[in-house]
Amino acid sequence: MSEVTDGTTQAGTTTVSSEVVEKITVAAVKAVPGVADLGGDVARFFNNVLDRVGLDQVGDASRGVSAKVSGSDVTVTVVLVLEAGRVVAEVTTAVQQAVTAALQGYGLNVLAVNVKVDDIAGV
């Protein structure tokens, strides 16, 4: 149920797709200092190929992120590339905090933000 401004309630359900959760997560992760890129080796390879043929926006919206949604509960997994010279624990903690805050801002209950560091840029 959701409240409306006149104090009455309206019956019905609201669902949020995993794709929406993934897009919110990508935006939050990209804003974290120390994150060089998102996605594993294969995802980055295909993204580079798409960029070269002029399809540079294809796959960018949720690349490197997967989400499981059950009602308003979400679990997110992020695969990222660190900037060289960054402390892994500092960046991954900042990613978890940023993603949690962003998703909670949309009224979602974050059960977990799992972070996998796949590579270090420039090394």
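**View 1. Helix α1 of the predicted model.** Helix α1 covers residues 18–30, and its 13 residues reach 18 Å from the first C-alpha to the last, close to the 18 Å expected at 1.5 Å a residue. The expected span is 1.5 Å times one less than the number of residues. Helices (H or I, at least four residues) and strands (E, at least two) are DSSP runs, numbered from the N terminus. Residues are numbered from 1 along each chain as its sequence is written. In this predicted model, local features need pLDDT of at least 70 and side-chain atom pairs pLDDT 80 or more, while totals for chains, interfaces and linings use all residues; side-chain values use heavy atoms, without hydrogens and water.

**View 2. The buried residues of α1.** Val-21, Glu-22, Ile-24, Thr-25, Val-26, Ala-28 and Val-29 are buried in α1 (under 20% relative accessible area; exposed is over 50%, partly exposed in between; 1.4 Å probe, protein chains only). They pack against β3 (35–38), β4 (65–70), β5 (73–83) and α3 (88–104).

**View 3. The largest nonpolar core.** This core has 22 residues, and Val-29, Leu-80, Val-95 and Leu-103 have the most contacts inside it. At least two of its residues come from each of α1, β3, β4, β5, α3 and β6 (109–121). Such a core is a set of buried Ala, Val, Leu, Ile, Met, Phe, Trp, Tyr and Cys residues joined through side-chain atoms within 4.5 Å.

**View 4. The salt bridge.** The structure holds one salt bridge (a side-chain nitrogen of Lys or Arg within 4 Å of a carboxyl oxygen of Asp or Glu). Arg-86 and Glu-83 meet in it at 3.2 Å, N to O. Arg-86 is partly exposed at 39% relative accessibility, and Glu-83 is partly exposed at 30%.

Conventions:
Contact = heavy atoms within 4.5 Å.
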